[in-house]
Amino acid sequence: MTDMLPAAGSCRVGLMSQRRINLPQQTAREVTGYGDRRSPPPALLCRGSKTGLPVWMLGLGADRLRADMNRLLALLFHQGVLDEQFLQLQQLQDESSPNFVSEVVNIYFHESEKLLRNLRGLLMEREFSDYKKMGIHLNQFVGSSSSIGAKRVRNVCVAFRAASEQNNRAGCFRALELLEHEYCYLKNKLHELFQIEQQRVLAAGIRYPMQN
Amino acid sequence: MDDHHQLINGVAGRNPETNKITALIVDDNMVNQTIHHRLLHSLGIENQVVGNGKEAIDVHCSGKIFDLILMDLDMPVMNGIEATRKLRAMGIRNTIVGVSSRSVNEHIQEFVEAGLDDYQEKPLTISKLLSILRKVRNQAEL
């Protein structure tokens, strides 16, 4: 399975908890200067203060970025990294809860990294024998992974749980290595997806700036 | 969505102040708590979240009643099997649905025998919830 995946990139469980996905705090108005009452230039001709590009060019990027997001999502579905449950999460996101998916995924990352540390800590114990505790952690991991649509991570957790139920320590070690690899890949890809989404929201805001 | 509203509005035993179905989510996993809460909310179902079976018992002892209880299996302090048995022993007859990532029959069988009305394997989806709500409605009509 790991041969089919590209390299996960640098990804250490201990550092991962420091990364958090946040939507941009600045509005399009703050970026472009449009709406400045002191000297409002025509919106379409002013240059974005951050990028130096004309506003109309930034606006066109929203479509390209949406296409990029769709391509990345299609890839992740094709690879089996995500399943339709991720689409269910997106359907639960609306104007009343515009950051729902990123909030849930952040919770998932935070909880998963605790579980991975716990699992590795258990297996590294010299006199390890508490497979029941390992099973409890893995049930959590299976449940949360399936709930966000993290299909490959879930499947590895299920195999890991089976090795744990057989008291197979070597099998558990192999499963943990694979789980950490799959989780890293998932996290990197979801970060990429949310970064594109942030850029798309910003670009769409520039295309349709708020009227005074 | 019209079918959804019809299903939800057709259930008796709703919150008399808000006229909404009420549900209790019993799950120790924060991801699942967040998603299930949002899922139920999106269907117009008032819901409360607790983190284990003992908290589910305590909230019922405080006098609260729910049309629907979504009960996880594996939880600390008190698991779903024990909590379901205790709730039934307390005389709670409302719909209790087991929701778990387990798929092995022997694990599920004990859970069902504890007093579940239904069991759904995670992840919970809108279509699974609608199936659950049909059971809630049927039970209310009996």
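This is a predicted model: local features need pLDDT of at least 70, side-chain atom pairs count only at pLDDT 80 or more; totals for chains, interfaces and linings use all residues.
Q: What is the fold pattern of chain A, read along the sequence?
A: The pattern is α-α-α-α-α-α-α-α. That is eight helices and zero strands in chain A.

Q: And how much of chain A is buried?
A: Buried residues are 48% of its 212 residues.

Q: What share of the chain A contacts comes from residues 24 or more positions apart?
A: They account for 70%, taken over contacts in chain A with a separation of 6 or more.

Q: What area is buried between the two chains?
A: About 1800 Å². Carbon and sulfur atoms give 56% of that area.

Q: Which three residues supply more of chain A's buried area than any other three?
A: L92(A), I107(A) and Q140(A). Together they supply 28% of what chain A buries against chain B.

Q: How many salt bridges between chain A and chain B?
A: Two salt bridges. One of them joins the side chains of R154(A) and E121(B), at 3.9 Å from N to O.

Q: Why does 3.9 Å count?
A: The cut-off is a Lys or Arg side-chain nitrogen within 4 Å of an Asp or Glu carboxyl oxygen. The R154(A) to E121(B) distance is 3.9 Å, so the pair counts as a salt bridge.

Q: How many residue pairs are in polar contact across chain A and chain B?
A: Nine, with both residues at pLDDT 80 or more.

Q: What does T125(B) touch?
A: Leaving out residues up to four places away in sequence, T125(B) touches Q85(A), Q88(A) and L39(B).

Q: Where does T125(B) lie?
A: In the loop between β5 (118–121) and α6 (126–141) of chain B. A polar atom of the T125(B) side chain lies 3.2 Å from the backbone nitrogen of K128(B).

Q: Is T125(B) buried or exposed?
A: T125(B) is buried, because its relative accessible area is 12%.

Q: New topic, rings. How many aromatic pairs over all chains?
A: Six aromatic pairs. One of them is Y108(A) with Y183(A), a tilted pair. The centres are 6.4 Å apart, with 50° between the planes.

Q: Which helices does that pair link?
A: Y108(A) is in α5 of chain A, and Y183(A) is in α8 (residues 169–207) of chain A.

Q: What other ring pairs with Y183(A)?
A: F109(A) does, edge-to-face. The values are 6.1 Å centre to centre and 90° between the planes. F109(A) is also in α5 of chain A, 74 residues from Y183(A).

Q: Are F109(A) and Y183(A) buried or exposed?
A: F109(A) is buried, because its relative accessibility is 2%. Y183(A) is buried too, because its value is 0%. Y108(A) is buried as well.

Q: Which residues do ring pairs link into a cluster?
A: Y108(A), F109(A), F141(A) and Y183(A).

Terms used
Residues are numbered from 1 along each chain as its sequence is written. Chains are lettered from A and ligands numbered from 1 in the order in which they are written. Side-chain values use heavy atoms; hydrogens and water are left out. Buried area is the accessible area (1.4 Å probe) that two parts lose on being put together, summed over both. A polar contact is a pair of N or O atoms within 3.5 Å; within protein, one must be able to donate a hydrogen and the other to accept it, and residues adjacent in sequence count only if both atoms are side-chain atoms. Rings of Phe, Tyr and Trp (its six-membered ring) pair if their centres lie within 6.5 Å; planes under 30 degrees apart count as stacked, over 60 as edge-to-face and the rest as tilted. Helices (H or I, at least four residues) and strands (E, at least two) are DSSP runs, numbered from the N terminus. Buried means under 20% relative accessible area, exposed over 50%, partly exposed in between (1.4 Å probe, protein chains only). Contact means heavy atoms within 4.5 Å.
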